[in-house]
Every structure is written in structure tokens, then in C-alpha cells.
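My plan was to look up one topic at a time and to write down what I found.

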Amino acid sequence: MSQNIHANLDIPAARVVSSGQTLYPAVDRVSAVAGIANNGGVASTSAADRDAILAEPGFGKYFTDHVVRATWNKDTGWTGGELISSKTSSGGFATQALHYGQSIFEGLKAYRHADGGIYTFRPEANALRFQRSAYRLALPPVPTDLFLGSIEALVREDQDWVSGDPDKSLYLRPFEYGSEDALGVRPAFDVTYVLLASPVGAYFPQGVKPVSVWISDDYVRAAPGGTGEAKCAGNYAASLIAQQEASANGCDQVVWIDATERKYIEEMGGMNLFFVYGEGDNARLVTPELTGTLLPGVTRDSILTLARDLGYDVEEGRITIADWREGVASGAITETFACGTAAVVTPVGRVDSKNSGTWEISGGQPGDVTMKIRAALVDIQTGTREDTHNWLHRIV
Ligand code: COI
């Protein structure tokens, strides 16, 4: 691993942090953010067109007028970021990321509160995870001040794209890729970081209605030592065929199982999973522990804390397909839900598979614990519940 590439990486950030600890420790707000030059020019979308988009944004279909871009070279390091038109694009057919997939991304959201202010949720956690993903893909880590500075600059510039509707938000997509035109198989000497923004509604078109899931017996998402805990483009490319199989079997999403024993539940699509044992105030939540092959979700981490705040017992552990099926059959497992930035908290209502049977959870309806957790999270994000963990970061 090149010393140069990782010279400014905070070492604990590169380590896997496992069970029992908060993965993204609460830190004081990072106040020093990099200045971003504004080379953006005027907005190209009319107010009328923007309003029409904001009325029905879907997910990831439309983009705001600007992006922030910064570049890195092996000799000069990072240059300061600049705000430019989102219609600007660069790169040729030999772009390294297109051939060898040296590419990582993040996802977080900006929310407009009733007071008109715009906030992001735990952006430092995304900055840290982005650095860890960079480490695994031999990319230079984007410094936290550049990451946060890009978010501040873009959200301020394109603030009219943040809807006041609490069911909508501005999805922020930071990504970084090897942008050198070169076919040698080695870490790129030129790297580009871009932040783009997309106004979004619900990720699943049906909103919070439970999703059905297909356990993938034939395909593996991540193996020990692989890239499973990095948010890299290749993980998502490798998941698409299993997602197609899920759809062909009438399911909304894939559930991945471990690569070695082929029995432990890992995660769902691009989201983490929680299993609810018991009911009411006595409920206990279990989520698959971070073995190095799961994505360490910021929403997952937040729910571990919020569930404890709500008085539930919470555990990170290993749960097999048989535990899930038999737990539901016996009534021990009462609910299952998925969580992620895009999906927020989404109930799982039905499981199907080639080798392990079919079962329904919670009568195919959203469970009470799931909806309580969802409300606790969304209320903080949208400013209607006290932010006791200092997770919100005001931008406007
Ligand atoms: C997210 O929740 O932000 C994700 O990364 C999931 C998906 C949209 C890729």
C-alpha cells in the first residue's frame, strides 16, 4: 500500500471496529471546513421547472444545478475544491475507474426544518467511512474539512432544491474515483472527488409499506478480506444480478448471507437489517455484527443508540437463516426491518428463498417497534424531536 496515498489518514479510521462500540464516536462538530472556490456560474434550472421536480422527485432521477469537484495527484496531493455547473463532466474512455473500478461513494441527506434552516445528519460519520473505503480501494482519503466544506458549499448554493416537505430531502452523493487515463493495473495517479445532489422522496415507491426479500443462495456479496465493508462501486455492480433474481421471484430486495458457512444473515441490498425479539417495552433488537463483510451503516449505528434511548435491549450478533425462520414461526421474532440513509427504516414483511422456504413477518404489516424507531430517527432528522446526541449539523 503506497505510503503516499495514506499519509494523511487517521489510523483508527482505517481499522475495523467491531461489536460493542459506537462505530462513529460522537465528536464535537468539526467547525473548520475547507473554503470552496465558486466557479459555478448561474443556475440552469428555472424556478418553475425546479418546483415541478420537487413536487415528484422520485429517487436519484434529478440533480441540482451544481456540484463540487476537487482533484488529487500523486505529486501535488489535493487541490482546493471548486463549485461548478453539474453539467460539466470530464474524463475519457481510458478513465481508470471505468476499467478497474477504483471508485467509492457515500450517501447522506440534507433536511429543511420548519424554521427554514437546512441540516445534515452526522456528516462527520460519512467523512470517516469515506476515508475507510478509500483506504481499502487504495485511494487517497478525502480530508474531513474538504468533505464537509463541499457539503456546505453545495447545499448553500443549491438550497432552493431542499424541499420543506418533511417526507422529502436533498440526497447528497459524494464519490471519488481513479480518473487517470491509464490502463496499468495500479492505484491511479490522478483522482477526482465530486459531490452531487439530488432532490428525493421515498426510496421505495410504496413508502413505508413492508418490502419482500429474496435470500440469495447462489450469489455472494462479500467474502472475508474482500471489499464488503467498503462503500465501493463494485459491490453494487456485483449485487445487480442477485437483485434481478429477487425481482424475477417477485421480491423487492435481496438478503445476503455469509460467504463461508452460507447461513448467517449479513445485510439487505444496500441496507442493514434489524430483528425484533419480543414485544412492547420488553422488545430486544438484534443486528448482524460487523464482521468485515457488512457495510457499517451510519443509520445502523444511530439506531443502536436510539433503540437504547427508547429503553430496548440491543445486541450485535450473528443470526442464521434458520434462527430467522424458526424465530418468526415460534413468535420469538416479531418484526424485521431494514435501515439506511436512502431507505431510512423500512419494514420487511415477507421472506422467500430457493433453499430455505418462505415466511411472513408481522402479518406483512409494519410492526410497532419498527415504527417507533423510525419515528425517533426521522423526528431528529427533520427537527421535531430534540437532538440529544448533537447529530445535526446546520448549514443554512
Ligand atoms: C444509501 O442508503 O445511501 C445507499 O447507499 C443505498 C443505495 C441508494 C445505494
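**Entry 1: the whole protein**

I note before anything else that this is a predicted model. I looked up the secondary structure and found ten helices and 19 strands in the protein. The radius of gyration is 21 Å, close to the 21 Å that the globule rule gives for 396 residues, so the protein is as compact as a globular protein of that length. Along the principal axes, the C-alpha atoms fill a box of roughly 60 × 50 × 40 Å. I then looked up burial, and buried residues account for 46% of the 396 residues. Of the contacts between residues at least 6 apart in sequence, 74% join residues at least 24 apart.

**Entry 2**

I looked up the domain division, which gives domain 1 as 13-202 and domain 2 as 211-382. Their C-alpha centres lie 26 Å apart, and 28 residues of domain 1 are in contact with 20 residues of domain 2. On the domain 1 side of this contact, strand 5 (103-105), strand 6 (108-112) and helix 5 (123-136) each supply at least two residues. Which of these elements gives the most to that side? I found that helix 5 does, with six residues. By kind, the residues on the side of domain 1 that touches domain 2 divide into 13 nonpolar, nine polar and six charged.

**Entry 3: strand 17 and its partners**

Strand 10 (residues 211-215) pairs with strand 17 in the parallel sense over five bridges, with Ser353 of strand 17 as the bridge partner of Ile215. Strand 18 (residues 359-360) is antiparallel to strand 17 and is joined to it by two bridges, and Val351 has Trp359 of strand 18 as its bridge partner. The hairpin of strand 17 and strand 18 has five residues between the strands, and Gly357 in its turn has a positive phi of about 95°.

**Entry 4: the ligand**

I looked up the residues around the ligand and found Gly107, Gly270, Gly340, Thr341 and Ala342. How many residues of this shell are nonpolar, polar and charged? The shell divides into one nonpolar, four polar and no charged.

**Entry 5**

I returned to strand 6, which is joined to strand 7 (residues 118-121) by three bridges, the two running antiparallel. Tyr111 has Tyr119 of strand 7 as its bridge partner. The hairpin of strand 6 and strand 7 has five residues between the strands, and Gly116 takes a positive phi near 90° there. Strand 7 is also joined by three bridges to strand 19 (residues 392-394), again in the antiparallel sense, and Thr120 stands opposite His393 in strand 19.

**Entry 6: single residues**

Most residues other than glycine have a negative phi, and I therefore looked for exceptions among them. Arg122 has a positive phi of about 50° although it is not a glycine, and it is found in the loop between strand 7 and helix 5. Is Arg122 buried or exposed? I counted 23 other C-beta atoms within 10 Å of Arg122, which is therefore buried. Ala138 also has a positive phi, near 55°, and is found in the loop between helix 5 and helix 6 (144-157). With 15 other C-beta atoms within 10 Å, Ala138 is partly exposed.

Gln102 is 75 residues away from Tyr177 along the chain, yet their C-alpha atoms are separated by 5.6 Å. Leaving aside neighbours within four places in sequence, Tyr177 is in contact with Ala97, Gln102, Ser103, Val191 and Thr192.

Methods:
Residues are numbered from 1 along each chain as its sequence is written. This is a predicted model: local features need pLDDT of at least 70, side-chain atom pairs count only at pLDDT 80 or more; totals for chains, interfaces and linings use all residues. A residue is near a molecule or strand if its C-beta atom, placed from the backbone, lies within 6 Å of it. Ala, Val, Leu, Ile, Met, Phe, Trp, Tyr, Cys and Pro count as nonpolar, Asp, Glu, Lys and Arg as charged, and the others, Gly among them, as polar. Two strands pair if DSSP finds at least two bridges between them. Helices (H or I, at least four residues) and strands (E, at least two) are DSSP runs, numbered from the N terminus. The radius of gyration is taken over C-alpha atoms; the globule rule is 2.2 Å times the number of residues to the power 0.38. A residue is buried if 20 or more other C-beta atoms lie within 10 Å of its own, exposed if 12 or fewer, and partly exposed in between; C-beta atoms are placed from the backbone. Two residues are in contact if their C-beta atoms, placed from the backbone, lie within 7 Å. Domain bounds come from an automatic or database domain assignment.
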